[in-house]
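Morning, everyone. Please look at the structure on the screen, and I'll walk you through the ligand site and then the backbone.

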Amino acid sequence: MIQLILFGPPGAGKGTQSTFLVEKYNLVHLSTGDIFRYNIKNETPLGKLAKTYMDEGKLVPDDVTIQMLESEVNKHQNPEGFIFDGFPRTASQAAALDAFLASKNSGISALVALEVPEDELKIRLAERAKTSGRADDAKPEVIQNRIDVYKNETTPVMDHYKKQDKFISVSGVGSIPEITDRLTQVIDSLR
Ligand code: AMP
């Protein structure tokens with residue numbers, strides 16, 4: 001079973017690459033951002049809460065996010081594996097994910113970090129804003145907040161998995177198929 005964390009700053013290409021990888025390896029794609037957006041669209045209490053944080057580029061509180069992720073994982077009986085996209089985003093989320101998977105006699109196979117320079121991220125997010133309809137892509141100050149949150153709160157997740165020898169870095173610069181090729185090589189090496 002492959003349990004992959006597809007990691008990287010906003011705009012690194014995690015969502016784009018996940019769509020190819022889930023198909024190729026028959027994995028379940030769990031994007032916490034997508035789940036929050038689904039809840040916002042359907043005006044659920046969770047969506048209303050998440051929106052207040054997301055609109056400012058802040059993280060939704062850990063307890064809410066962890067509980068949501070665990071219940072999503074539990075919806076899948078005997079999956080071939082998961083791609084976690086946008087989760088874990090804090091050291092406490094990483095610890096909670098490890099404990100949750102351990103309780104199922106499972107664990108993370110690897111954290112694969114897509115590396116993209118900050119200037120390129122800003123260009124990509126501004127481009128995505130034209131079509132994504134995402135409020136958090138539209139304002140430069142919110143984009144900057146998201147990048148700052150990534151640097152301050154999310155990069156510790158890399159150290160968490162480096163300590164477990166599960167960290168793999170992949171260049172996220174190039175064409176979409178080139179990056180997919182790099183990622184499939186990594187995943188094939190884990191199987
Ligand atoms: P994303 O689609 O991954 O870029 O996430 C969009 C927004 O959803 C983030 O800026 C956060 O506000 C929220 N979010 C997504 N995943 C998480 C998470 N793991 N922890 C806290 N907030 C999250």
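Start with valine 60: one of its polar backbone atoms is 3.0 Å from a nitrogen atom of the ligand. I call that a polar contact, a pair of N or O atoms within 3.5 Å; within protein, one must be able to donate a hydrogen and the other to accept it, and residues adjacent in sequence count only if both atoms are side-chain atoms. Threonine 32 uses a polar side-chain atom, 2.8 Å from a ligand nitrogen. Alone, the ligand exposes 480 Å², and the protein buries 96% of that (Shrake-Rupley method, 1.4 Å probe).

A word on sources: this is a predicted model, where local features need pLDDT of at least 70, side-chain atom pairs count only at pLDDT 80 or more, and totals for chains, interfaces and linings use all residues. Residues are numbered from 1 along each chain as its sequence is written, and side-chain values use heavy atoms, leaving out hydrogens and water.

Which residues come nearest to the ligand? Out of 16 around it, they are Thr32, Arg37, Lys58, Gly86 and Gln93. Around means a heavy atom within 4 Å. Helix α2, residues 32–41, gives the largest share of that shell, four residues. Helices here are DSSP runs of H or I, at least four residues; strands are E, at least two.

Last, the backbone. Most residues other than glycine have a negative phi, and most peptide bonds are trans. Phenylalanine 87 and proline 88 are joined by a cis peptide bond, omega about 0 degrees. Proline 88 is in the loop between β3 (81–85) and α5 (91–102). Asparagine 26 has a positive phi, near 60 degrees. Its place is the loop between α1 and β2 (28–31). Aspartate 165 also has phi near 60 degrees, in the loop between α9 (156–163) and β5 (167–171).
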